[in-house]
Structure formats: C-alpha cells, structure tokens
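Student: I have the sequence and the model open. Can we work through the pockets and the aromatic rings together?

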Amino acid sequence: MTPWLDSRPPERIVVDADLVLQRAHADHVDGLVEAVRESLPELQRWMPWAIDGYGPAEAKEWQQGCDDQWPTGGGFAWVMLEGDRIVGTVGLINRLEPGWLEIGYWVRTPSTGRKLASRATAALIDTARTHLPEVEGVAIHHTVGNDASRSVPVGLGFVFVGESEPTPERPFQQATEAVWRLPLR
C-alpha cells in the first residue's frame, strides 16, 4: 500500500460523559482478554479472531499490531472505556483505496443495546473530519445478517453500496459483507 495518510488522530477521544476512546496500549491487555472472553459466544458468530481459548497472547498480538500500524498510518485502534472498564474496541483501518478508511467495532456483550458502537463511530467520523484532512470518506463492512452492526451505518447516514464476497485482497473476510460508505468532504 502506498502511504497517503500523513496526519494522525488523537490518542484519547472523549465521546461523552460516559464513554472515552483511548488508544490501545499494552496496559489494556488484561481488560481486553476479560471483555473478549465474556463476549466470546456472540463474537464468534461474526469475528474470525474470536477463538476458543482467546487469552493474553492473542490480545498482546492484536495490541502489538495496533502499535505497529499507528505511526505508519496503517490503522488506529482505541479501546472503548466506561470508567476503567473496557466495553469494546473501535478503529480506523487503512485498507481501502487512498482517501478512505474503514471503521471497525465490537461491543462487550453485557454493554450492548446502549449505542456504544454508534457513539464511538460518530466520534471517529468527527475525528476524521477534524484531524485527518486527507480522508475523503469512511466505510463500514459488516457480515450480512449482523443486524446490530448494520444499525450503526444506518443510524449514522451511511449509504449502502452493495455486498462484497471474500477475496484474496481481504483474507480476514470470511463471509459476505454489506458495504456502507459515508463521504466526508
């Protein structure tokens, strides 16, 4: 991928009085493992990384990947925090064509139904508009049938542009995905 993104977002984003996005750090590993393990039955329906036995090694690998991507503009990941409790993750991922970032998210099972993913995604849209001038738009890809994930782009005014089948260019994609886009400029 040709580097095109020179600017960087803030490491801490206050979404509202109850929700803060904090750049994923090594000190989040234990809380991340707890959140994933608590949510494993639901996550395994949609997320290929949500494996039986998910533990510190998997969380550290994810966190190290986040650390590696941030300085290069390859991606930006935050944990969603309510106080000190991790209630999910959200990120801007640089894996589309230049000018576009993909938004990904998941929410801890006991915290679902409170629009945390929508609130965090709205904050990332605002962050892209205000801190990442190279970004022309954002996209959300979610597995077809995942109605909770679908509610985020629908509620935030994204435009449905079609479905995408797994391809060699998206090796992490294991099922048909709905693709949504939101131009920012």
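Tutor: Start with a cut-off. Buried means under 20% relative accessible area, exposed means over 50%, and partly exposed lies in between. Keep in mind that this is a predicted model.

Student: Is Trp 106 buried or exposed?

Tutor: Take its relative accessible area, which is 7%. The cut-off for buried is under 20%. So Trp 106 is buried.

Student: How does Trp 49 count?

Tutor: Its relative accessibility is 32%. The range between 20% and 50% is the one that applies. So Trp 49 counts as partly exposed.

Student: How many aromatic pairs are there?

Tutor: Two rings pair if their centres lie within 6.5 Å. By this rule the count is five.

Student: Is the pair of Trp 49 and Trp 106 stacked, edge-to-face or tilted?

Tutor: The ring centres are 5.9 Å apart, and the planes meet at 55°. Stacked needs under 30 degrees and edge-to-face needs over 60. So the pair of Trp 49 and Trp 106 is tilted.

Student: How many residues apart in sequence are the parts that this pair ties together?

Tutor: Trp 49 lies in the loop between H1 and H2. Trp 106 lies in strand E5. So the pair ties together parts that are 57 residues apart in sequence.

Student: What kind of aromatic pair do Trp 70 and Phe 76 form?

Tutor: Both Trp 70 and Phe 76 are buried. Their rings are 5.0 Å apart centre to centre, with 85° between the planes. Over 60 degrees is the cut-off to apply. The pair of Trp 70 and Phe 76 is edge-to-face.

Student: Now the largest pocket. Which element gives the most to its lining?

Tutor: The pocket holds about 1,200 Å³ of space. Its lining has 43 residues, with Trp 49 among the closest to the centre. The one that gives the most, with six residues, is H2.

Student: And which element gives the most to the lining of the second largest pocket?

Tutor: That pocket has about 470 Å³ of space. It is lined by 24 residues, with Val 107 and Thr 112 among those nearest its centre. The element that gives the most, with five residues, is H4.

Definitions and conventions
Residues are numbered from 1 along each chain as its sequence is written. This is a predicted model: local features need pLDDT of at least 70, side-chain atom pairs count only at pLDDT 80 or more; totals for chains, interfaces and linings use all residues. Side-chain values use heavy atoms; hydrogens and water are left out. On a 1 Å grid over the protein atoms alone, a cavity is a set of points where a 1.4 Å probe fits but cannot get out, and a pocket is an open set with protein on both sides within 12 Å along at least five of seven lines; lining residues have an atom within 4 Å of a point. Grid points are joined across faces, edges and corners, and a volume is the space filled by probe spheres set on the points. Helices (H or I, at least four residues) and strands (E, at least two) are DSSP runs, numbered from the N terminus. Rings of Phe, Tyr and Trp (its six-membered ring) pair if their centres lie within 6.5 Å; planes under 30 degrees apart count as stacked, over 60 as edge-to-face and the rest as tilted. Buried means under 20% relative accessible area, exposed over 50%, partly exposed in between (1.4 Å probe, protein chains only).
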